[in-house]
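Before going into particulars, please take a moment with the sequence and the structure below.

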Amino acid sequence: MDPSGEPSDEALARRAQGGDADAFGALVRRHQGRVFRAAVRVAGNRADAEDAVQEAFVRAFRALVRFDPLRPFGAWVAKIAINRALTRASRRKPSASLEEAERAVDPAASPEAGAARAADAAEVRRAVDGLSASDRALLALRYDEGLPVSEIAATLGVRQGAVKVRLLRLRERLLDRLGEEGA
Amino acid sequence: MSCREFREALWEAIDAGRAAGGSPHAEACPACAGYARRAARLEAALSVPAAELNADLARAVASRLARPAPEPEGRAALAGAAALVLAAVAAAWWREVDLSALPALRFDPDALLRDAGLVLRVWRDVGARAGAGEVWTLAGVAVALWLSTHRPAWARRTS
C-alpha cells in the first residue's frame, strides 16, 4: 500500500500473478498513459502506438510468472511496448505525423506551455519524425521513461559510451533545427 | 576548456539532473553561450509528451487476453521451414532426381555471385516488408529448393 492508500505496483503484480484479472486491470490503467507516451514517440502515430501498448500489456500478462514484482512494473512494460513499436515502425515507411505534432503541442493541452515553447516543441517533433525508429526509441527511453544513460545502455544492450555518443549526435542534429531565440 | 569539452560537460550535467549554470567558458564564448541556451530549449521541447492517451486500454487488453494465445510466430515458421527442408532432403534421397544436370543449374561461379547478389536484394526487400515469420518461411523454401537441386554428398544414396 502506498501513502495515498492505493495498493502498490508490487502488491498488484503479486495479485495478478495469482490470477487476479482486476489487479492486472488496475496496473494497466495506472501505467497505460506513460507507456503510450513512450510508444507514440517511437511509432510516430497514435494507432500503432495504441496497438503496441495493448500488445505489450498482453505479453506482460503472459510473462507475469517470470516477472519479479520488486522490479518497476511500468518500466518493464514500457520496454516491451518500445520494442513492439520498433517492430511496427520497421514494417512501415516513415511518415511525418505533422497534424499529430500540432495537436501534441496544442497550448490548450498544456496550459503552462508558452507559445515559444510550443513552437520549439512542434519544430523538434517534426525533426524527431524524420529520425530512424531506433533513434526515436533512444529518445523515448531518455525523455518519456526518464532512464539514466546506464539503464538505457542496459536496455539496448550497448555500452554507456555508445549511448552518450548517439545522444550527443542526436541532440546536435535536433539543435540545428532550433534557431536562435528571437531570430 | 575547449568548446567540445564544454558541450559534452553541459549534456552530462543535464543528464545527471544538475543545473547547467553559468560557466567561465560560456561567458567568454558567445557560440557556446548560444549553444547552452538552445540546449535548454531542446530539453524543454523534448520533455513535451509526443501525445497523450485519450482512451482507456484496460478493456481492450482484457478482451485480447480472453482470446487463446496464438502460437509464437517465429516458432511456427521455424517448424514449417524445418519440415520443408526435411521433405526436400527425403525427396532427394529417395527419388534421386538430379536436377543439377539441367544446364541452367550447372555450377558457374560468376552466375552464383550474380544470383547471390539478387538473393540478398530480394531478402532485404522482403525483410523490410514482411515479418520474421514470413522471412524464415521463405528461407526454408529457399534451402529446400537448393537442396533439391544441389544434393550434397551426405544426402546422396550410395550403392
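The model is predicted. In it, 46 residues of chain A are in contact with 42 residues of chain B, and the two chains bury about 3900 Å² between them.

**The interface of chain A and chain B**

- Of the area buried between chain A and chain B, 57% lies on carbon and sulfur atoms.
- Eight salt bridges are found across this interface, and one of them joins A:Arg171 to B:Asp15, whose closest N and O atoms are 2.7 Å apart.
- Between chain A and chain B, 10 residue pairs are counted in polar contact, with both residues at pLDDT 80 or more.
- The side of chain A that touches chain B draws at least two residues from each of several helices, among them H2 (21–43), H4 (73–91), H6 and H9 (160–177).

**Helix H6 of chain A**

- Helix H6, residues 115–129 of chain A, has 15 residues and reaches 21 Å from its first C-alpha to its last, which is close to the 21 Å expected at 1.5 Å a residue.
- The buried residues of H6(A) include A:Ala118, A:Ala121, A:Val124 and A:Val128, and also the residues A:Asp120, A:Arg125 and A:Asp129.

**Cysteines**

- The count of disulfides over all chains comes to zero.
- B:Cys3 is in no disulfide, and the nearest cysteine sulfur, that of B:Cys32, is 3.6 Å away, whereas a disulfide requires the sulfur atoms to be within 2.5 Å.
- B:Cys3 is partly exposed, with a relative accessible area of 34%, while B:Cys32 counts as buried at 0% relative accessibility.

Notes
Residues numbered from 1 in each chain as written. Chains lettered and ligands numbered in written order. Predicted model: local features only at pLDDT ≥ 70, side-chain atom pairs only at ≥ 80, totals over all residues. Heavy atoms only, no water. Helix = DSSP H or I, 4+ residues; strand = E, 2+ residues; numbered from the N terminus. Expected span 1.5 Å × (residues − 1). Buried < 20%, exposed > 50% of the residue type's maximum accessible area, 1.4 Å probe, protein only. Contact = heavy atoms within 4.5 Å. Buried area = accessible area lost by both parts, 1.4 Å probe. Salt bridge = Lys/Arg side-chain N within 4 Å of Asp/Glu carboxyl O. Polar contact = N/O pair within 3.5 Å; in protein donor to acceptor, adjacent residues only side chain to side chain.
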